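Visitor: Could you walk me through this one feature by feature? I'd like the general idea each time, then the case at hand.

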Amino acid sequence: MEDSVSEYERKASLAIAIQGQIAQVARVEAQSDYQAVLVIGKPLNNTFHLVLTLVTLGAWALVWITLAIFGRPKRIVVSVDEFDITSVVRVW
């Protein structure tokens, strides 16, 4: 059976995996020693969309609803196990 790796190696592997995800326009939301939650995308600016909906007499509401359904920020969990295996899981 394969021996587990040191804590330092696990933390280094997590840092490398986070850097790879941040390069893809993600930001770190939370991080522990062996796990991190990353977010891709920005929250919806409801004030802006309300003003556009009012100015366009409701026509912009279709765009706003579409963005509210499909344009949510996406979360990714990056973790490293005791054997230095890095996993990246999308959390919807």
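Guide: What follows goes through the strands, the core, the salt bridges and a surface patch. Keep in mind that this is a predicted model.

Visitor: Let's start with the strands. In which sense do β1 and β2 pair, and over how many bridges?

Guide: β1 and β2 are antiparallel, with five bridges between them.

Visitor: On to the core, then. Which residues make up the largest nonpolar core?

Guide: As background, nonpolar side chains in soluble globular proteins tend to be buried together. Here the largest nonpolar core has nine residues: Leu14, Ala17, Ile18, Ala26, Ala36, Leu38, Ile76, Val78 and Val80. At least two residues of this core come from each of α1 (7–22), β2 (35–40) and β3 (74–80).

Visitor: What about Ser13: buried or exposed?

Guide: Ser13 sits in helix α1 and counts as buried because its relative accessibility is 15%, where the cut-off for buried is under 20%. Not counting residues up to four places away in sequence, Ser13 touches Val80, Asp84 and Thr86.

Visitor: Now the charges. How many salt bridges does the structure hold?

Guide: Two. One joins Lys11 to Asp33, with the closest N and O atoms 4.0 Å apart. Lys11 is in helix α1 and Asp33 is in the loop between β1 (26–31) and β2, so this pair ties together parts 22 residues apart in sequence. Lys11 is partly exposed at 36% relative accessibility, and Asp33 is partly exposed at 45%.

Visitor: And which side chains meet in a salt bridge at 2.9 Å, N to O?

Guide: Those of Glu29 and Arg75. This pair links distant parts of the chain, 46 residues apart, with Glu29 in strand β1 and Arg75 in strand β3. Glu29 has 44% relative accessibility and so counts as partly exposed; Arg75, at 33%, is partly exposed as well.

Visitor: Last one, the surface. Which residues form a nonpolar patch there?

Guide: Leu44, Val63 and Leu67 do, with about 190 Å² of accessible area together. Val63 belongs to helix α3 (residues 61–70), and Leu67 is in helix α3 too. To join a patch, a residue needs over 30% relative accessible area. Val63 is partly exposed at 32%, and Leu67 is partly exposed at 34%.

Visitor: How far apart are Leu67 and Leu44, in sequence and in space?

Guide: They are 23 residues apart in sequence, and their C-alpha atoms are 7.7 Å apart. Leaving out neighbours within four places in sequence, Leu67 is in contact with Leu44, His49 and Arg72.

Definitions and conventions:
Residues are numbered from 1 along each chain as its sequence is written. This is a predicted model: local features need pLDDT of at least 70, side-chain atom pairs count only at pLDDT 80 or more; totals for chains, interfaces and linings use all residues. Side-chain values use heavy atoms; hydrogens and water are left out. Patches are made of residues with over 30% relative accessible area and no salt bridge: like charges are joined within 9 Å, nonpolar side chains (Val, Leu, Ile, Met, Phe, Trp, Tyr) within 5 Å. Accessible areas come from the Shrake-Rupley method with a 1.4 Å probe; for residues, only the protein chains shown count as cover. Helices (H or I, at least four residues) and strands (E, at least two) are DSSP runs, numbered from the N terminus. Buried means under 20% relative accessible area, exposed over 50%, partly exposed in between (1.4 Å probe, protein chains only). A nonpolar core is a set of buried Ala, Val, Leu, Ile, Met, Phe, Trp, Tyr and Cys residues joined through side-chain atoms within 4.5 Å. Contact means heavy atoms within 4.5 Å. Two strands pair if DSSP finds at least two bridges between them.
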